[in-house]
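Here are my notes on this one, point by point. Have the model open while you read.

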Amino acid sequence: MAAPAPVTRQVSGGTAPVPAPSGPDRGQPLAAAVAELPVLDARGQRVPFGALFRERRAVVVFVRHFLCYICKEYVEDLAKIPKSFLQEADVTLIVIGQSSYHHIEPFCRLTGYSHEIYVDPEREIYKRLGMKRGEEIASSGQSPHVKSNLLSGSLQSLWRAVTGPLFDFQGDPAQQGGILILGPGNNIHFIHRDRNRLDHKPINSVLQLVGVQHVNFTNRPSVIHV
C-alpha cells in the first residue's frame with residue numbers, strides 16, 4: 001500500500017510539510033517523563049530532552065556509539081546536509097549518542113558534524129523509547145551511507161579506541177539506535193528503531209518526510225539533463 005502523502009502546515013515564509021505519522025508509536029505523544037529526562041551537551045550541561053523540540057520540529061538521530069564506524073560514516077553524511085536546507089523546511093537536526101560528553105567535540109571534529117549533538121550516557125532515553133540492544137538478524141540491504149567494509153571499518157574503530165585520550169568504547173557496543181521526528185511539543189510523527197547496526201534509515205527518505213530537499217551524499221556532481 002502506498003505511503004500517505006505528507007500534510008502541510010503554515011509556517012513563516014511559506015508552507016512546510018508535516019510528516020504522515022509512521023511506526024508503531026505514530027500519533028502517540030512522547031511521555032512527559034521521557035521528555036523530562038536530561039541529555040548533556042559538549043560542556044556537560046544538562047538539558048531536558050523535551051526542550052530540544054518543544055518549540056520546533058526536529059529530526060532526532062540516536063546513534064549506537066561514537067566508536068562505531070557505521071555510525072561515524074552515517075554522521076559524516078548527516079554533516080553534509082546544508083543548514084540552509086533545514087532552515088527552509090523549518091526543521092532542526094539533532095544527533096544523540098550514549099558516551100560521556102567529553103567525546104562530543106572529538107567526534108564532531110572527526111565527522112565534520114556541526115549541527116546539534118547531545119549524549120544520554122545512562123541510556124535512559126534509549127531504554128524508554130524502546131531502542132533495541134543486541135543484534136537482530138535481519139536483511140537490511142546495502143546502506144548508501146556506509147563506505148567501509150566490516151574488516152577495514154572494525155580496524156578503524158579499534159585504532160580510534162586505543163589511540164584516544166580515554167580508552168573506552170564511547171558507549172555500550174550492544175546498544176542500537178534509531179531515528180524520530182518530533183515536535184513541536186511532545187508529538188511523535190515518525191519513529192524507527194534499528195534492528196541491527198546496518199538497519200538505519202536512508203537519510204534522504206527521512207528528510208523527505210519533513211520537506212527537506214534531496215541531498216547529494218556522493219562526491220560526484222549532480223548531472224542535470226537538458
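1. Start with helix α2. Its buried residues are Tyr 69, Ile 70, Cys 71, Lys 72, Glu 73, Tyr 74, Val 75, Asp 77 and Leu 78, where buried means under 20% relative accessible area, exposed over 50% and partly exposed in between (1.4 Å probe, protein chains only). That is 9 of the 10 residues in α2, so call this helix mostly covered. Helices here are DSSP runs of H or I with at least four residues, strands are runs of E with at least two, and both are numbered from the N terminus.

2. A word on ground rules. This is a predicted model, so local features need pLDDT of at least 70 and side-chain atom pairs count only at pLDDT 80 or more, while totals for chains, interfaces and linings use all residues. Residues are numbered from 1 along each chain as its sequence is written, and side-chain values use heavy atoms, with hydrogens and water left out.

3. How does α2 sit against α4? Helix α2 (residues 69–78) packs on helix α4 (residues 104–111) at an angle of about 65 degrees, and their axes are 9 Å apart. The axes are lines fitted to C-alpha atoms, for helices over the stretch in contact, with angles running from 0 to 180 degrees between N-to-C directions. That makes α2 roughly perpendicular to α4; the cut-offs are under 35 degrees for roughly parallel, over 145 for roughly antiparallel, 65 to 115 for roughly perpendicular, and oblique for the rest.

4. Who does the touching? From α2 come Cys 71, Lys 72, Val 75 and Glu 76, and from α4 come Phe 107, Leu 110 and Thr 111; contact means heavy atoms within 4.5 Å. By class, this contact has 4 nonpolar, 1 polar and 2 charged residues. Nonpolar covers Ala, Val, Leu, Ile, Met, Phe, Trp, Tyr, Cys and Pro, charged covers Asp, Glu, Lys and Arg, and the others, Gly among them, are polar.

5. Now Ala 35, which is in helix α1 (residues 32–35). Ala 35 is buried, at a relative accessible area of 9%. Leaving aside neighbours within four places in sequence, Ala 35 is in contact with Leu 30, Pro 48, Phe 49, Gly 50 and Asn 186. Pro 48 is 13 residues away along the chain, with 6.5 Å between the two C-alpha atoms.

6. Some backbone spots to check. Most residues other than glycine have a negative phi, and most peptide bonds are trans. Asp 90 has a positive phi of about 60 degrees although it is not a glycine, and Arg 123 has a positive phi of about 60 degrees too. Asp 90 is in the loop between α3 (83–89) and β6 (91–97) and is partly exposed at 35% relative accessibility. Arg 123 lies in the loop between β7 (116–119) and α5 (124–128) and is buried at 16%. The peptide bond from Gly 183 to Pro 184 is cis, with omega near -5 degrees.

7. Finally, confidence. The chain averages a pLDDT of 79, and 69% of the residues score at least 70; pLDDT is the predictor's confidence in each residue, from 0 to 100. Residues 1–22 stay under 50, and the model has 42 contacts for them beyond four places in sequence. Residues 220–226 are also below 50, with 2 contacts beyond near neighbours in sequence.
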